Every structure is written in C-alpha cells, then in structure tokens.
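This report describes a single protein model, from its overall confidence to its local geometry. The sequence and structure are shown first.

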Amino acid sequence: MKQDGTQLKFPIRAYIQRFNQVPPDYQIVAQELEKRNIPVIYQRTEDILRSWQLTTNDLVVGDFDWTREACKQLQIPLPNPPDYPECLQYLLHRKVWQSTLGDVQLWLSQPENKSKPSASAKVFSAIIEPKDCMIDTLIEGIPGCMSSLPRSTAVYCSELIDLVAEFRVYCIQGEIKAKCQYRGDLKTKEYTLEDEVVKQAIEQLWKSREG
C-alpha cells in the first residue's frame, strides 16, 4: 500500500528461482509477467539466503524451500495441504498410505517404496528407498548443514509406478488458469492431459470439504 493509502497493484516485481536452467513452468510465469512489464529477478537459492528483502507486494516463484523461506520472512504460516484428497483417491492408480520415518527404516529389506512428508508442507522432496539411501541422513541430519528429523515424522508412502510425464494445473477458485508439463519429453510433448478428467477432478475437489 502506498503512503497515500491507495492499493499497489500486485505484483510489483517477481523473484523467480533458477537452477542450471529455469524450469519450464517458471518460464511461463516469467513470460507472462514480462508482457505486463513487471520486473522479473532470477536468483539461486544461495542468493536469497544471503540477502532477500521481500514485501507483500512481491511474487515468489520457486520450489518448496523457496516458498517456506518466503513465508517465514513475511511471517505467513504455511498451510497443511491435502496432498492426496480423499475425493480423488480413485485417480492415484496406486496404493498410498501414511507412516513415519522410523517405520520406513524397517522397510529397507522390502521392495522399494517412495515416500514424501505429510506432517507439513513438504519437509523434504520425495525419495525412493532403499535406492536413494537418504533415510539415515534425514533422521540423523548433517552437522552444520541439515537439521535432523524425528523418527516420528509423518510421511506418505507409495507403491512405485512408471510416470512418463508430469503436469501442473493452476487453478483459482475451481477454475483452470494454466497447465504446464514439467517432467517427461518436453520437446515432442508426446503425452498430454485428459482435459475432461482434469476438469472433473478440479470440480470434485472444489466442491469437497478438502478443496
């Protein structure tokens, strides 16, 4: 808000996370912002940790670490999103269940399982055990680098499936605003979303108590 009490147009600038390359879905956001003459600033994770002065008029585009850091700086509590809404369970096409990091340690002699955190908005990225060999590191931590997580940390576990492509669908109040493929063959775009399935899923989630 300006000193005269008028509301600033959101966003007045955008911070977009970059790695070796800017992810395709981030590029779409950047292109749209540039069309609107909104300044776009590309930064790496280490850049924001050194100096990042955010305001509520800034847009942040990045992974969950960026999101967490941005919310922390702006004193905005992170929500607990329904990662696997009950009303959309039929679309998973695999078994998904809740467990803990401690219990996952006991599964290392069984077929590989994929796990991701469930207690908060992504404590860590999805891992595959025993392939990734990350369970002990997550529980014990790395001195001076990564804090340890309690064995009681809740996680989602899943049977492995062969994902040939992954997409994100951006919605506002149950209405699709954009779609973007971020994993798979991005050049040939061999695989596409089934629009009717996506539309139906969004309508179900929007109308449910979890939406």
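## Model and confidence

What is the mean pLDDT of the protein, and what percentage of its residues reach 70 or more? The mean pLDDT (the predictor's confidence in each residue, from 0 to 100) is 82, and 86% of the residues reach 70 or more. Where pLDDT is low, the predicted coordinates should not be read in detail.

The model is predicted: local features need pLDDT of at least 70 and side-chain atom pairs count only at pLDDT 80 or more, whereas totals for chains, interfaces and linings use all residues. Residues are numbered from 1 along each chain as its sequence is written, and side-chain values use heavy atoms, with hydrogens and water left out.

## Overall composition

The protein contains six helices and nine strands; these are DSSP runs numbered from the N terminus, with helices being H or I of at least four residues and strands E of at least two. Of the 211 residues, 29% are buried. Buried means under 20% relative accessible area, exposed over 50%, and partly exposed in between, with a 1.4 Å probe and protein chains only.

Contacts (heavy atoms within 4.5 Å) between residues at least 6 apart in sequence join residues at least 24 apart in 61% of cases.

Strand β1 (13-17) has four of its five residues buried, so it is largely enclosed by the rest of the structure. Strands pair if DSSP finds at least two bridges between them. Four bridges join β1 to β2, and the two run parallel; four bridges likewise join β1 to β3, also in parallel.

In β2, V40 stands opposite A14 and Q43 is the bridge partner of Q17. In β3, V60 stands opposite Y15.

## Helix α1 and the crossover

Helix α1 spans residues 24-35, and its 12 residues reach 17 Å from the first C-alpha to the last, close to the 16 Å expected at 1.5 Å a residue. That expected span is 1.5 Å times one less than the number of residues. Within α1, the residues D25, Y26, A30 and L33 are buried. Seen down the helix axis, the buried residues of α1 fall within an arc of 145°, so they line one face of the helix; the arc is that of the directions from the helix axis to the C-beta atoms. Their cover includes β1, β2 (40-43), β3 (58-61), β8 (166-172) and β9 (175-183).

Together, β1, α1 and β2 make a right-handed β-α-β unit. Right-handed denotes a path from the first strand over the helix to the second that runs clockwise with the strands pointing away from the viewer.

## Loop residues with positive phi

N37 follows α1 and lies in the loop between α1 and β2. N37 has a positive phi of about 60° although it is not a glycine, and at 70% relative accessibility it counts as exposed.

Q75, in the loop between α3 and β4 (96-100), also has a positive phi of about 60° without being a glycine. Q75 is exposed, with a relative accessible area of 71%.

## R68 in helix α3

R68 belongs to helix α3 (residues 64-73). R68 is partly exposed, at a relative accessible area of 29%. Its C-alpha atom is separated by 7.3 Å from that of L78, 10 residues apart along the chain.
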